[in-house]
Amino acid sequence: RTQVARAVVVREAAQRREMAWMDGRCGNSTKRREPRAAVVGGGPTGTLASLVLRKHGFQVELIERHADPRHRKEDRCFEVPLLLNERGMEALQRVGAKEEVRRSAIEINGQTVHLGSMEVKREPFGDEGDKLLCLSRKRILKILLDRADSKGVHLNFESRLVDLDVEQGLLHLERNGEHRQMRVVGGREPQMQVELIVGADGGQSMVREEMKKVSRMNFSRSFRGHGYRTVIIPPHNGMFALDPTTLHMWPRKNFGLLALPNPDQSFTCIICLPFHGENSFETMCSDGDVFAFLKREFPDVAVCVMSTPLRFLEQPIVPMSFSEAFPAHAGSKALLIGKAACEVLPIGEFHDNIGLEDCLLLDDLFGEYGTGRTCLETVFRKYSTISLDRFELTRPLSSDVLERVIGLSPNTFLQLKQMMEGALIGVLPRSTGLTTARSAVSFTSLPYGQVKSMSRKKDIGMGLVGICLVASITAGASYAMHRRWKYHEPASQLQSTMGLT
């Protein structure tokens with residue numbers, strides 16, 4: 001009860017700060033010197049992190065090696081739309097961007113499975129009302145960058161990080177043209193000195209590599225045998241060629257296709273293939289090979305893409321991999337967020353929301369513990385622990401999404417466990433709050449510790465059900481054997497007694 005009361009007080013204080021910040025009453029009004037932070041990586045995660053840091057009183061430098069995406073023509077063929085869940089939307093709410101993002105997004109309330117026999121099956125995500133929001137990466141970036149600009153975040157585009165001294169807080173950058181908020185050392189090399197470095201530079205993070213040199217960070221990466229490339233289904237007569245309110249899956253044997261809607265009435269199709277063997281990337285040597293493969297395995301998709309260039313072979317193969325860095329900080333000087341800290345398979349909503357959830361977690365912890373130099377290490381230590389809990393929960397869920405897309409059925413034990421889980425949730429009243437792990441992670445904002453506790457309770461409940469089932473079968477078999485020994489019943493009658501006929 002005390003913990004709940006404390007959480008309520010923290011949340012109310014965070015809401016007051018949020019409203020004050022949005023109204024312009026916070027930020028530059030403070031007289032104390034604002035600590036300086038550099039966020040490396042200007043994607044949605046890095047931009048949202050810069051807004052959270054600015055909200056809590058930091059002077060923020062956002063460093064991105066590419067040009068400003070608001071003025072850059074996007075290549076839709078190489079872009080996969082983002083799937084936002086409840087936690088990602090709550091993170092956007094903290095910086096006042098939720099409603100604008102919602103207006104730009106397409107609501108997804110289920111999934112449509114296209115089977116090999118042209119049979120189509122529609123499935124809900126979980127409970128009624130569970131939904132995801134789908135929108136383009138460029139759109140969410142524009143919304144967040146516009147807000148960052150208005151809040152005083154210094155945007156440094158076309159600035160490449162070439163060297164980093166974590167302990168001194170020194171960043172060496174390369175950029176053609178003017179260097180805003182940078183001082184030039186030795187007349188040549190632009191240099192920036194900050195009190196905090198935040199690495200949001202993705203799975204191949206340079207910040208992480210430098211942090212490993214000065215901290216006891218454990219890092220691991222494991223690859224699956226699959227990767228993906230994309231093709232585009234263009235609009236059909238100015239309309240969507242498929243139902244835009246669901247995800248579309250074409251699972252086959254060890255490969256598959258997932259289609260996501262775009263705001264321009266097209267679909268981005270993620271084609272998941274193994275690297276080697278039959279129906280793999282090594283067998284796709286020309287556009288003719290790709291189209292013949294689509295016509296053979298996904299004829300309804302092949303019909304939709306006949307009139308558009310595939311551009312399948314122009315793209316790099318995106319591998320399916322997990323990565324994890326723990327702890328995700330180096331003292332109070334540097335922190336990793338998003339895919340730089342931990343990464344699940346790049347398919348489904350779990351991958352897209354990791355970085356946004358990290359920003360939400362930082363906002364909560366800054367609100368509870370503060371942003372002073374003595375507080376930051378406590379904040380980062382708790383952040384690393386909670387991030388590890390989340391990774392342990394989302395890793396199997398991410399694997400499950402991939403296995404559904406590529407048509408790999410779970411083994412008999414997992415199928416039995418899923419059946420028992422569904423039966424247990426269906427029998428118990430809704431007031432218990434018991435739900436599947438995917439629903440708890442994607443469609444609620446429950447703390448991950450509470451989700452883990454709920455999973456343990458489910459496992460205990462299913463264990464008891466399993467014990468009762470085994471006990472009843474054993475008792476029935478013992479009774480049948482006793483009758484056969486006592487009354488010499490034939491085997492057919494024994495089977496009837498045991499309920500096997």
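This short talk walks through one predicted model, from its strands to its cavities.

Before I start, a word on how to read it: this is a predicted model, in which local features need pLDDT of at least 70 and side-chain atom pairs count only at pLDDT 80 or more, while totals for chains, interfaces and linings use all residues. Residues are numbered from 1 along each chain as its sequence is written, and side-chain values use heavy atoms, with hydrogens and water left out.

Let me begin with the strands. In general, strands of a sheet pair through backbone hydrogen bonds, either parallel or antiparallel.

Strand β13 covers residues 196–199. It runs parallel to strand β1 (residues 36–40), joined by 4 bridges, and here alanine 37 stands opposite leucine 196. β13 is also joined to strand β20 (residues 334–336) by 3 bridges, again in parallel, with alanine 334 as the bridge partner of isoleucine 197.

Which way do the residues of β13 point? Leu196 and Val198 point one way, Ile197 and Gly199 point the other way, and all are buried, where buried means under 20% relative accessible area, exposed over 50%, and partly exposed in between, with a 1.4 Å probe and protein chains only. As a general point, side chains in a regular strand alternate between the two faces of the sheet.

Now to an open sheet of 8 strands with mixed pairing, in the order β6-β5-β15-β16-β17-β14-β18-β21. Its edge strands are β6 (120–123) and β21 (342–343), each of which pairs on one side only. Strand β5 (residues 111–114) pairs with β15 in the parallel sense over 3 bridges, and glutamine 111 stands opposite leucine 247 in β15. Histidine 114 also lies in strand β5, and because its relative accessibility is 8%, histidine 114 counts as buried. Its side chain makes a polar contact of 2.9 Å with that of histidine 248; such a contact is a pair of N or O atoms within 3.5 Å, where, within protein, one must be able to donate a hydrogen and the other to accept it, and residues adjacent in sequence count only if both atoms are side-chain atoms.

A cavity is a set of points on a 1 Å grid, over the protein atoms alone, where a 1.4 Å probe fits but cannot get out, and its lining residues have an atom within 4 Å of a point. A volume is the space filled by probe spheres set on the points, which are joined across faces, edges and corners.

How many cavities of 30 Å³ or more does a search of the whole structure find? The search finds 2.

Notes
Helices (H or I, at least four residues) and strands (E, at least two) are DSSP runs, numbered from the N terminus. Two strands pair if DSSP finds at least two bridges between them. On a 1 Å grid over the protein atoms alone, a cavity is a set of points where a 1.4 Å probe fits but cannot get out, and a pocket is an open set with protein on both sides within 12 Å along at least five of seven lines; lining residues have an atom within 4 Å of a point.
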